[in-house]
2 protein chains.
Amino acid sequence: MKQIIRDETILNSDLYLRNVAVDNVIFGYSNKELKVLVQQPFSLDKWTVTGGYIKRTETIEAAAKRIAYERTGLKKLFFEQFRSFGTPARNTDAGFNAEHLSKLTGIKVPVDLWIFDYFVSVGFYTLTEFSKVEIKKGELETDCRWWPVNELPKMMFDHKLIIAEALKALRLHIAHYPIGYELLPEKFTLPEIHNLYETILGRSLDDRNFSKRLISAGILVKLNEKKQIGAHRSPFLYKFDKEKYDEGLKSGVVLAF
Amino acid sequence: MKQIIRDETILNSDLYLRNVAVDNVIFGYSNKELKVLVQQPFSLDKWTVTGGYIKRTETIEAAAKRIAYERTGLKKLFFEQFRSFGTPARNTDAGFNAEHLSKLTGIKVPVDLWIFDYFVSVGFYTLTEFSKVEIKKGELETDCRWWPVNELPKMMFDHKLIIAEALKALRLHIAHYPIGYELLPEKFTLPEIHNLYETILGRSLDDRNFSKRLISAGILVKLNEKKQIGAHRSPFLYKFDKEKYDEGLKSGVVLAF
DNA sequence: TGAATAGTGTCTTTAAGACAGTATATC
DNA sequence: GATATACTGTCTTAAAGACACTATTCA
């Protein structure tokens, strides 16, 4: 916050767009767990999804990618715009005001600073394998971490709704497009991708029917290797047929779970 | 334009949000034709979809509805947000500049007026029966009329893309939710709704399979009346079972064309 | 009775869903 | 051989799609 407040350019709002911002729901998956990257701003007791302002020189997609990069250090992520949110009071919340921020930063924050204005937010969601991410907390936040999608902390503004809508969009997406490239290691087993789908959808899927459909979709390549998993039968490793996977991303309608 | 330029409030941009606006693709259907309401601003040779700025006191949905009402006089329309558009140069176009507008209005328009800024646009689409609409042209436009979706005129900005995306979203929507309530008279025949679906989807649908699915979905009520259509067999009239229709709108997945 | 449109039934193919037993790895 | 996990095949049911003839209205 200090940096932002001190920065004349930003105070004058001629670097960033006004009244419109980006919120980026960063989903992380690993080992049967679906989490969201949330941050706690300004020593408040509530959390937000990652988000930020849009530079006058960049597209909204570029803004979302920049913001995700700042937090995760990752550049190649799967992005999807899912909805925009615009209600006059949507970014009004106890604590997020000039008085409180002045106290926190020691710098006089104008009551009518543009960031307190009515902001329309363009929502994106992002997928990543969270065990690989090194979280980089922003200067403005007291904390930034993964939180299970089913046990979210108290969310600020309308961010609970934003996450719910992102999850709905993700679950709709999974039924029409391949998914998993960003969420699984390069080589993975059928039970691993099966767990991924079950976790995202939040319900169990018959393992026989699941492999049947996934294999007949033709986006998997069976490798001549097995994964060692201890005192159990070793599962075969697979990888995605990237060409068919990308084709499925474009033309859609591959699976219907 | 004159009104806007003269209005101090708007010149100062404290009535409307900056850098964010709404574009509303108003689809009109009647008699096997799907059209879009487009307008020609400022005596330019290009056309735009209807759109406008968002008041600081209203939601983006309310802004879209207000704009649709201003053009069509209709209040109860089907609305759907489909995507937002944000590219720095997206609302840059020959003719849409201070010099040209000054010439047109006779009022000195500042080069840096906020309306020339980078605007992120939230896209909505709307459905209506166009034969019932009395178009009300805005003060800023030289013309405003229905144009067949397949023979659009030269579009300004990125509005060709916006219409294409709206149509894609509409076609996706039609496969998962009931449609037609706003597009058909209260009482309609099976061939009429069949034509509606064919027109929106842009392809033919087997009439036997179509009625089979529509009737088994249970959203139609067959009436004890027939429509007189001249020297031909009289088709039965139907109406929507509004309760089941609305339920289908919420819970979705009714038909799959 | 001819012209135009409404209306309907069956068969085939494909996809979805339910379901359980055998195989393998290690200790 | 005990245990934990991988792997696979068949049957049933439902949905999708292809297809063509009869019925009605009225000029």
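Predicted model: local features only at pLDDT ≥ 70, side-chain atom pairs only at ≥ 80, totals over all residues.
## Ground rules

Local features here need pLDDT of at least 70 and side-chain atom pairs count only at pLDDT 80 or more, while totals for chains, interfaces and linings use all residues; side-chain values use heavy atoms, with hydrogens and water left out. Residues are numbered from 1 along each chain as its sequence is written, and chains are lettered from A and ligands numbered from 1 in the order in which they are written.

## Two copies, one axis

## Chain A in outline

Chain A has 8 helices and 9 strands, taken as DSSP runs numbered from the N terminus (helices are H or I with at least four residues, strands are E with at least two). Its C-alpha atoms fill a box of roughly 65 × 40 × 25 Å along the principal axes. Of the 257 residues in chain A, 53% are buried; buried is under 20% relative accessible area, exposed is over 50%, and partly exposed is in between, using a 1.4 Å probe and protein chains only. Among contacts in chain A with a separation of 6 or more, 74% link residues 24 or more positions apart.

Strand E2 of chain B (residues 33-41) has 8 of its 9 residues buried, so it is largely enclosed by the rest of the structure. Strands count as paired if DSSP finds at least two bridges between them. E2(B) runs antiparallel to E6(B) (residues 141-148) over 7 bridges, with Val38(B) opposite Arg145(B).

On the E1(B) side (residues 16-30), 4 bridges make another antiparallel pairing with E2(B), and Tyr29(B) stands opposite Leu34(B). These two strands form a hairpin with 2 residues between them, where Asn31(B) in the turn has a positive phi of about 50 degrees. E3(B) (residues 48-55) pairs with E2(B) through 2 bridges, again antiparallel, and Gln39(B) has Thr48(B) as its bridge partner. That hairpin has 6 residues between the strands, and Phe42(B) takes a positive phi near 50 degrees.

## A three-stranded sheet

Further along chain B, 3 strands make an open antiparallel sheet in the order E7-E9-E8. E7(B) (188-189) and E8(B) (220-226) are the edge strands, each with a single partner, so one side of each has no neighbour in the sheet. E8(B) and E9(B) (residues 236-240) are joined by 4 bridges, and Lys222(B) is partnered with Tyr238(B).

## Cysteines

The whole structure has 0 disulfides, meaning pairs of cysteine sulfur atoms within 2.5 Å. Cys144(A) counts as buried at 7% relative accessibility, and Cys144(B) is buried at 7% too.

## The largest pocket

The largest pocket holds about 2200 Å³. A pocket is an open set of points on a 1 Å grid over the protein atoms alone, where a 1.4 Å probe fits, with protein on both sides within 12 Å along at least five of seven lines; lining residues have an atom within 4 Å of a point. Points are joined across faces, edges and corners, and the volume is the space filled by probe spheres set on them.

The lining has 41 residues, with Phe82(A), Leu172(A), Glu80(B), Gln81(B) and Leu172(B) nearest the centre. Elements giving two or more residues include E4(A) (78-85), H5(A) (159-174) and H8(B) (242-251). E4(B) supplies the largest share, 7 residues.

Notes. Contact = heavy atoms within 4.5 Å.
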